[in-house]
Amino acid sequence: MDRPPNLAAAIDAAAEALIGVLDSASSRHQVAVPPTQLRVLSLITERPETNVNRLAELLDVVPSSASRLCDRLEATGLLRRVADPRDRREVRLVPTAAAETLLRELTERRHRAVQAVLDRMPARTQHELLLALLAFAQAAETGVTAEPGTDATALTA
């Protein structure tokens, strides 16, 4: 099956629509946390051993900028700096319980917003979307594109 000439444009438009749905769900939260700070919280939650230098690498910023972001998060009670038990010279960044609650609530709200959109799609289209997204994620991870004519269902097995 040949790829439609506007597939990349269609994916870009769908990504923009998804960003709009996610942003809308995020903006309805009572605590106003800027997107960059939410990203920092997500990164340190996913990587428990993160310090300021590693955070700076992940964000592609200088350590002083990462440190200022952490200062703001610490001031709002969403982040703590704690000494690494293995090397007390090293300081880990740890999300607080309030940050974990914030991220969990935000994730739930975003999932509900996306599900509301999916519910307006036929079940078969939802399944096809799932297969396509799994194949896309796999291709993005490996850097290898599927051969023309490859069965996408094989990617879900």
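**View 1. A hairpin joins strands β1 and β2 through two residues.** The model is predicted: local features need pLDDT of at least 70 and side-chain atom pairs count only at pLDDT 80 or more, whereas totals for chains, interfaces and linings use all residues. Residues are numbered from 1 along each chain as its sequence is written, and side-chain values use heavy atoms, with hydrogens and water left out. Strand β1 covers residues 79–84 and runs antiparallel to β2, with six bridges between them; two strands count as paired if DSSP finds at least two bridges. L79 stands opposite P95 in β2. Helices (H or I, at least four residues) and strands (E, at least two) are DSSP runs numbered from the N terminus.

**View 2. L93 is a buried residue of strand β2.** Strand β2 spans residues 87–95. The relative accessible area of L93 is 1%, where buried means under 20%, exposed over 50% and partly exposed in between (1.4 Å probe, protein chains only). Contact means heavy atoms within 4.5 Å. I44 lies 49 residues from L93 along the chain, and their C-alpha atoms are separated by 6.7 Å.

**View 3. The largest nonpolar core has 22 residues.** Such a core is a set of buried Ala, Val, Leu, Ile, Met, Phe, Trp, Tyr and Cys residues joined through side-chain atoms within 4.5 Å. L41, L55, L78 and L93 have the most contacts inside this core. At least two of its residues come from each of α2 (35–46), α3 (52–59), α4 (63–75) and α5 (97–118). Apart from neighbours within four places in sequence, L78 is in contact with V33, L41, L73, V94, P95, T96, A98, A99 and L102.

**View 4. Helix α6 comprises residues 123–142.** At 1.5 Å a residue, its 20 residues should span 28 Å, and the end C-alpha atoms are 29 Å apart, which agrees. The expected span is 1.5 Å times one less than the number of residues. G143 follows α6 and has a positive phi, near 75°.

**View 5. The whole protein has six helices and two strands.** Along the sequence the pattern is α-α-α-α-β-β-α-α. Of the 157 residues, 24% count as buried. Among contacts between residues at least 6 apart in sequence, 45% join residues at least 24 apart.
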